[in-house]
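The following report describes the architecture of one protein chain and the contacts that hold its elements against one another. Please read it alongside the sequence and the model.

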Amino acid sequence: MNNRYKYSESSDSLKKQPNLDLEQSSSPRLRVFRLLSGTASITDTYANKTYKFRRNYLHFPFKDNSRIGAKCILDLFPGEDFSLEDVNNMFANNATNFGFFSKIEGETIKCLIAVRQESYIESFVHLYRIIECMAYATPLLYASKNKDYIKTYESLKSCFTNTNSGELEFFKTFIINTFHNEDFFNLTIDLSLSSEEYECDQDNLRRLVVKHSQVKNGYLFNGNPEDVEFEFEFIKFFSFLIILRNRFFHLLQGGWNENISRVDTEYPELLFKAIIHNGLNWVAIILFEILKLDITKHNIR
């Protein structure tokens with residue numbers, strides 16, 4: 001049970017649904033859903049500060065909510081003839097994967113607060129911790145809930161083709177095999193260094209993106225490496241996040257990998273600012289796929 005962060009319910013319509021009401025429900029699954037959908041308000045009782053999170057990362061690309069209510073929730077299930085009561089019933093089982101979603105909830109809160117405080121390096125740390133938490137658990141959760149057991153078995157089996165790969169590579173392979181036909185997988189993520197705030201070190205920041213996007217057959221991004229606008233395919237953006245983490249949070253010298261230091265830029269927080277919202281969008285989309293499978297497997301009619 002979370003004691004430091006207290007949730008408040010901003011929507012009168014959601015207060016009528018006990019499994020959607022942040023003040024009534026203690027489900028970390030619901031809280032992750034509300035935090036990442038931009039429909040949550042929390043108070044840090046230690047800092048005595050309240051935060052209203054209104055950016056919807058469950059939508060791809062992410063967007064801001066103008067107001068909170070039933071429409072925000074129902075719009076997340078396009079094509080489904082759901083009422084708010086139906087969605088309320090989906091969240092009735094609070095015990096489902098409690099430990100997993102509790103860990104995700106804690107890191108998500110820290111990440112979102114760090115973004116709000118413009119502590120972008122700190123926010124990236126918590127984003128990466130979310131990815132690590134998801135890396136092994138998500139494929140297993142997906143497999144345990146998917147009704148197509150043969151397809152799921154084959155998908156998981158293919159993830160183990162390289163016995164030397166770690167959990168993150170296993171996770172990447174799972175994402176490719178499982179979601180390659182989904183609309184979001186075939187969309188692109190844009191990283192831009194073109195706004196005025198990046199002008200103080202724009203060229204160095206551009207060089208860092210280019211340098212740490214280099215792969216055997218070119219670059220992880222599409223387009224001109226001399227530009228300050230970068231377009232990443234969905235799965236390649238994940239690879240970029242992992243490379244960036246490895247190169248920034250280590251400073252060993254003498255290896256074949258060149259780590260990021262002050263020599264490269266004195267504004268590393270601007271680099272992380274440019275990617276943090278897209279990074280949250282990326283993990284939220286994958287989490288939402290697991291969450292939808294988790295909640296819609298119940299017979300709500």
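Contact here means heavy atoms within 4.5 Å. Axes are lines fitted to C-alpha atoms, for helices over the stretch in contact, and angles run from 0 to 180 degrees between N-to-C directions. Helices (H or I, at least four residues) and strands (E, at least two) are DSSP runs numbered from the N terminus.

The model is predicted, so local features need pLDDT of at least 70 and side-chain atom pairs count only at pLDDT 80 or more, while totals for chains, interfaces and linings use all residues. Residues are numbered from 1 along each chain as its sequence is written, and side-chain values use heavy atoms, with hydrogens and water left out.

The axes of helix H8 (residues 167-179) and helix H10 (residues 234-248) come within 10 Å and cross at roughly 170°. On the H8 side, Leu168, Phe171, Lys172, Ile175 and Ile176 meet Phe234, Ile235, Phe238, Ser239 and Ile242 of H10.

**The sheet of E1, E2 and E3**

A further open sheet of three strands has the order E1-E2-E3, again with antiparallel pairing. Its edges are strand E1 (5-8) and strand E3 (49-53); each has a single partner strand, so one side of each is left without a neighbour in the sheet. On average, neighbouring strands of this sheet are turned by 25° against each other, direction ignored. Four bridges join E1 to strand E2 (residues 40-44), and the two run antiparallel. Lys6 stands opposite Thr43 in E2. Helix H5 (residues 98-116) packs on this sheet and touches E1, E2 and E3, its direction making about 95° with that of E3.

**Salt bridges**

A salt bridge is a side-chain nitrogen of Lys or Arg within 4 Å of a carboxyl oxygen of Asp or Glu. By this rule the count comes to 13 salt bridges. Three of them are listed here.

| Pair | Closest N and O atoms |
|---|---|
| Asp44 and Arg4 | 2.8 Å |
| Arg129 and Glu107 | 2.9 Å |
| Asp203 and Arg206 | 3.1 Å |

Asp44 forms a salt bridge with Arg4. Asp44 lies in strand E2 and Arg4 in the segment before E1, so the pair ties together parts that are 40 residues apart in sequence. Asp44 is buried at 4% relative accessibility, whereas Arg4 is partly exposed at 31%. Buried means under 20% relative accessible area, exposed over 50%, and partly exposed in between (1.4 Å probe, protein chains only).

Arg129 forms a salt bridge with Glu107. Arg129 belongs to helix H6 (residues 120-145) and Glu107 to helix H5, so this pair ties together parts that are 22 residues apart in sequence. Arg129 is partly exposed at 42% relative accessibility, while Glu107 is buried with a relative accessible area of 14%.

Asp203 and Arg206 both lie in helix H9 (residues 202-211), three residues apart, about one turn of the helix. Asp203 is partly exposed at 39% relative accessibility, and Arg206 is buried at 7%. Asp203, Arg206, Arg207 and Glu226 are linked in a network of salt bridges.

**The chain as a whole**

The protein chain contains 11 helices and 10 strands. Of its 301 residues, 50% count as buried. Among contacts with a separation of 6 or more, 67% are accounted for by residues 24 or more positions apart.

Terms used
Two strands pair if DSSP finds at least two bridges between them.
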